[in-house]
Amino acid sequence: MFLYLSKLLPLFFYPLGLASLCMLVALVMLWKRPRVAAFFIMLSLMVLLVSSNSWVARTVVRSLEWQNIPGGVPNAEAIVVLGGATKSTFYPRPTVDLNEAGDRVLYAAQLYLQKKAPVIVLSGGRIDWRGRGSSESGDMATVLSSIGIPAEALVQEPESLNTYQNAVNVKKILAARGINRVLLVTSAIHMPRSLLIFKRQGIDVIPAPTDFLVSEGELQELSSSPKSAILNLLPSVENLEMVTAAIKEYVGIIAYGLRGWL
């Protein structure tokens, strides 16, 4: 039940969900209380405009992504990769696809080839209401095998359905193999929450973030010229998605903190 509610309830905090809720209230109030309806319409518009401009999106995302930028990646005993980076093989896909977070899988391969660790632990199951298919760990193993990572270097953890379960289940694998120090690979925006959860489990974890949505170049672009500054105020679906992802992480940090998982 917690898993289901943790996916459902935050929708009302996300910009699109909040704006939709405001519009629904406005629709109900339109005939009897037009002023109240007008307020909620204006509130809905403000939520969408503020959360879909580049200034807000890049600033909010940066506040998470730039927290754990390593000066260099040291050697460890294993590389742990969190799921959420793949789409299973369903018609008409010829094989497993990588989504926006697919950099996690590719970066783990790069770290392995750089001999940063001899083992890659792939963590992630498959939530049943999101469709059938192989586990996320299985999908990641398929991709890594296809680019030459040996099967004996891959360890799958196919049961976890959220980041807390990732940490708990991975800890069991590490303990069974006598592994103490790991590199944690996940999207930079997801790293702050993930790092706190893994440390809470007593794992000696080193952040190895990837999939950065905001770089120095993108920040400089905001104010590179007066025209750029104005254009970056215009609404964009990409910006709305970035703000939603950041809010998801902040809500997750609060919720996981209340459950004592951080």
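Is Arg93 buried, partly exposed or exposed? Arg93 counts as partly exposed, at 28% relative accessibility. Here buried means under 20% relative accessible area, exposed over 50%, and partly exposed in between (1.4 Å probe, protein chains only).

1. Basis. This is a predicted model: local features need pLDDT of at least 70, side-chain atom pairs count only at pLDDT 80 or more, and totals for chains, interfaces and linings use all residues. Residues are numbered from 1 along each chain as its sequence is written, and side-chain values use heavy atoms, with hydrogens and water left out.

2. Arg93 and Asp97. These two form a salt bridge, with the closest N and O atoms 3.5 Å apart. The term means a side-chain nitrogen of Lys or Arg within 4 Å of a carboxyl oxygen of Asp or Glu. Asp97 is partly exposed, with a relative accessible area of 30%. The structure holds four salt bridges.

3. Arg126 and Asp139. Their salt bridge has its closest N and O atoms 2.6 Å apart. The pair links distant parts of the chain, 13 residues apart. Arg126 lies in the loop between strand E4 (120-123) and helix H6 (136-146), and Asp139 lies in helix H6. Helices (H or I, at least four residues) and strands (E, at least two) are DSSP runs, numbered from the N terminus. Arg126 is partly exposed, at 24% relative accessible area. Asp139 is buried, at 1% relative accessibility.

4. Glu249 and Arg193. Here the side chains meet in a salt bridge at 2.9 Å, N to O. Glu249 sits in helix H11 (residues 237-258) and Arg193 in helix H8 (residues 191-200), 56 residues apart. Both residues are buried.

5. Main nonpolar core. The largest nonpolar core has 27 residues. Such a core is a set of buried Ala, Val, Leu, Ile, Met, Phe, Trp, Tyr and Cys residues joined through side-chain atoms within 4.5 Å. Residues with the most contacts inside this core include Ile79, Leu111, Ile120 and Leu144. Strand E1 (78-82), helix H5 (103-113), E4, H6 and strand E6 (181-185) each give two or more residues to the core. H5 gives the most, with six. In soluble globular proteins, nonpolar side chains tend to be buried together.

6. Not counting residues up to four places away in sequence, Ile79 touches residues including Ala108, Leu111, Tyr112, Ile120 and Leu183. Contact means heavy atoms within 4.5 Å.
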